[in-house]
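This is a short walk through one structure, taken a few contacts at a time. Please keep the view open while reading.

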Amino acid sequence: MYTLFGFKGSGSASVECALEMTGAPYRIVEAASWENNAELEELARVNPLKQIPTLQLPGGQALTESAAILMHLGFAYPRSGLLGGDPLERDLALRGLVYIPANCYSCITIVDYPERFTTATDDASRAAVRAGAKERLHKHWDVFADLYPVDGERFIAGDQPGALDLLAAVVSKWSGTRKHVKSSRPAFSALLERIDAHPAVAPVFARHWPTTVQMPTGA
């Protein structure tokens, strides 16, 4: 059995969806660095950095980083559709799985913690850092949408959401991205809404985001 360490409203939602699509048995441990409880101690034993999501494999090894976990599940369960069977489609999906953490997640970190990226201590300077990072983040999503155009009712992976769809749907929930792409890339916005509503995704997202209130990144 897999053990998924995560928390509501965090990046672990994409991994939870992926596990549902594989049909593999798993349990969830609600742990996060801001929740000082016994579950956090259990996470620390598996991952000393206390980062989520962390996926403990049936053999006891631990995987971290959302993209790496999604890749593992896609390769371990090829019939799940998480990674396409066509080599080129698979490679493009792998590219996207790396693109989002490298470009989008990195900007979100600056938006959430601008004080870590400037020596200035005044509120105005930090607000400027946050605003610049958010503008850059939204540009990265526009590029992503152009790299993975989807027509009609399809998903990036085809007839059902794949690993890249899941990661895009989760990470785009933060820092005003959904509002931005609704205006700048309406087709991509519609894709995200289709992913949200898919039967394999909707129950998980309903647990993680039970209201329309913007949730913290958590990872």
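**Rings, charges and a helix pair**

In this predicted model, the charged end of Arg116 is placed over the ring of Tyr113, at 3.8 Å from the ring centre. A second case of this kind involves Lys173, whose charged end sits over the ring of Trp209, 4.8 Å from its centre.

Rings also pair with one another. Searching the whole structure gives 8 aromatic pairs. Take Tyr105 and Trp174: their ring centres are 5.6 Å apart and the ring planes meet at 45°. Planes under 30 degrees apart would count as stacked and those over 60 as edge-to-face, so this pair is tilted. Tyr105 belongs to helix 4 (residues 87–112), while Trp174 is in the loop between helix 6 and helix 7 (177–184). The pair therefore ties together parts that lie 69 residues apart in sequence. Tyr105 and Trp174 are both buried. Elsewhere, one aromatic cluster is formed by Tyr99, Trp141, Phe144, Tyr148 and Phe188.

The last topic is how two helices pack. Such a pair is described by the angle between the axes and the distance between them. For helix 6 (residues 163–171) and helix 8 (residues 186–197), the angle is about 105° and the axes are 10 Å apart. Angles of 65 to 115 degrees count as roughly perpendicular, which is why helix 6 is described as roughly perpendicular to helix 8. Helix 6 contributes Asp165, Ala168 and Ala169 to the contact, and helix 8 contributes Leu191, Leu192, Ile195 and Asp196. Sorted by class, the contact of helix 6 with helix 8 has 5 nonpolar residues, 2 charged residues and no polar ones.

Technical notes. Residues numbered from 1 in each chain as written. Predicted model: local features only at pLDDT ≥ 70, side-chain atom pairs only at ≥ 80, totals over all residues. Heavy atoms only, no water. Axes fitted to C-alpha atoms, helices over the stretch in contact; angles between N-to-C directions. Helix = DSSP H or I, 4+ residues; strand = E, 2+ residues; numbered from the N terminus. Parallel < 35°, antiparallel > 145°, perpendicular 65-115°, else oblique. Contact = heavy atoms within 4.5 Å. Nonpolar A, V, L, I, M, F, W, Y, C, P; charged D, E, K, R; others polar. Phe/Tyr/Trp six-rings, centres within 6.5 Å; stacked < 30°, edge-to-face > 60°. Buried < 20%, exposed > 50% of the residue type's maximum accessible area, 1.4 Å probe, protein only. Lys NZ or Arg CZ within 6 Å of the ring centre and 35° of its normal.
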